[in-house]
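Trainee: I have a model open and want to learn how to read it. Please take me through it.

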Amino acid sequence: MSTLLAFEDALEEIKRSASVRVEQQTIPLITAVGRILAMDVIAGLSVPPHDNSAMDGYAIACTDWQTGKPFTVSQRIAAGQHPQPLTPGTCARIFTGANIPNGANTVIMQENAQLSGEKVVFNEPPEQGDNIRPKGQDVQKGQTVINAGEKITPMHIGLLSSLGVTDVTVYKPLKVGILTTGDELIPAGENLKAGQIYNSNGPMLSALVIQAGHHVSHCIHAADTLEDTKAALKTLTQSCDVILSSGGVSVGEEDHVKGALEQLGKVHLWKIAIKPGKPLVHATLQGVPFLGLPGNPSSTLVTYHWFARLLLAICSGQIAERPQSYLVDAGFNGGKAIQRDEFLRVSIGKDGLAYAHSQQSSGALLAACESQGYLHVKANTQVEYGCAYSFYPFSGF
Ligand SMILES: Nc1nc2c(c(=O)[nH]1)N[C@H]1C(S)=C(S)[C@@H](COP(=O)(O)OP(=O)(O)OC[C@H]3O[C@@H](n4cnc5c(N)ncnc54)[C@H](O)[C@@H]3O)O[C@H]1N2
Ligand code: MOO
């Protein structure tokens with residue numbers, strides 16, 4: 001057990017060794033949702049660019065207001081018009097979004113105004129700044145609004161459009177190669193023979209990679225031989241920025257991934273103190289980062305979520321952030337403590353407590369589908385009812 005690398009140390013090691021693997025390109029903003037920004041965006045103007053009205057109403061100078069005083073309407077300002085300075089002692093009819101005229105410093109909403117012939121009376125004393133959205137309230141000119149490495153969201157597209165931005169410099173999508181191994185595996189659609197099972201990790205890994213915004217450039221299935229594994233790895237190094245594999249990383253005679261890596265590249269780490277997912281391997285093959293995920297489907301899922309996702313994020317130019325988590329009290333007592341960090345598949349009950357799925361085998365995938373996230377139980381810790389543990393919802397990965 002002492003040869004296993006601690007969970008946090010393994011995360012640090014992968015973070016430290018990874019770097020951006022993709023080039024930059026400039027694309028129209030409207031097509032950029034989900035892409036990774038390659039340069040900070042600095043606001044070239046303030047938003048809003050001028051003080052403007054938050055309400056339909058009347059703009060006045062606060063000091064002109066007196067109880068019962070009738071105001072003459074000296075101008076009408078609709079959104080998009082350039083106002084004249086306010087004639088002292090008068091009011092301006094103004095509409096939502098219209099610029100505030102020089103000399104006015106408050107807007108009274110029309111519901112609080114009384115028309116009296118051609119004039120208007122305001123019953124309540126206004127406060128300076130009422131119903132005015134000041135210049136730069138949203139964004140100040142010169143402010144950094146998005147940092148390089150952030151994933152562009154629909155909100156960013158709106159914000160950048162408000163700044164007049166039409167194009168952004170982003171990273172090209174990361175080309176990810178996927179290798180599955182195992183003579184027992186056949187693709188869905190074929191008839192199962194004795195001893196065979198369907199390949200589920202290949203399609204799951206493809207989906208995880210696509211969901212994260214990367215490009216699956218090549219999927220290969222290798223037979224359980226050293227030669228076939230090496231041939232597949234050579235092909236993938238030629239066409240991919242990063243390679244992920246599933247299976248063949250444990251100690252059995254049929255496990256050839258680690259052996260192939262040792263012959264073709266450099267192995268940085270093997271075996272981590274986590275459950276599930278212990279025999280994870282991290283290597284470099286002719287400059288291409290490689291992560292070999294254990295073949296048990298839940299081990300593949302957990303090691304993808306924690307390690308592959310991080311590696312792909314950094315290689316694609318993204319800021320490497322730990323998935324969102326919060327503390328949740330356990331609604332159960334766990335088994336005895338083990339010397340590995342454990343990621344239990346759990347759901348949050350109506351009482352707000354975390355409940356472990358009854359099936360925690362690393363070979364079981366339905367349990368993950370029926371759960372909401374991971375409860376992180378640190379090495380040498382026993383889960384106790386009512387004690388708090390970090391809960392990582394699947395939606396944060
Ligand atoms: N003597 C030991 N045996 C094992 C150890 C150990 O320390 N000593 N570790 C166990 C642990 S923990 C894990 S996890 C597995 C990982 O083994 P591999 O990564 O070498 O994976 P395989 O042996 O190839 O497969 C394991 C399991 O998963 C199924 N599998 C593999 N690929 C797929 C796929 N694409 N789709 C669906 N299912 C897949 C495979 O059929 C096996 O049942 O090793 C333990 N053994
Ligand atoms: O480390 Mo393995 O994934 O427990 O079965």
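Trainee: Which of the 28 residues around ligand 1 come nearest?

Mentor: First, the ground rules. This is a predicted model, where local features need pLDDT of at least 70, side-chain atom pairs count only at pLDDT 80 or more, and totals for chains, interfaces and linings use all residues. Residues are numbered from 1 along each chain as its sequence is written, while chains are lettered from A and ligands numbered from 1 in the order in which they are written. A residue is near a molecule if its C-beta atom, placed from the backbone, lies within 6 Å of it. Here N201, G247, S250, P294 and G295 come nearest to ligand 1.

Trainee: Which elements give two or more residues to that shell?

Mentor: Helices (H or I, at least four residues) and strands (E, at least two) are DSSP runs, numbered from the N terminus. The elements in question are β13 (175-181), α3 (201-211) and α6.

Trainee: In what order do the six strands of the open sheet run?

Mentor: Strands of a sheet pair through backbone hydrogen bonds, either parallel or antiparallel. Two strands count as paired if DSSP finds at least two bridges between them. The order is β7-β4-β6-β5-β9-β8, with mixed pairing. β7 (106-109) and β8 (113-116) each have a single partner strand, so one side of each lacks a neighbour in the sheet.

Trainee: How many bridges join β4 and β7?

Mentor: Four, in the antiparallel sense. One example: G57 has M109 in β7 as its bridge partner.
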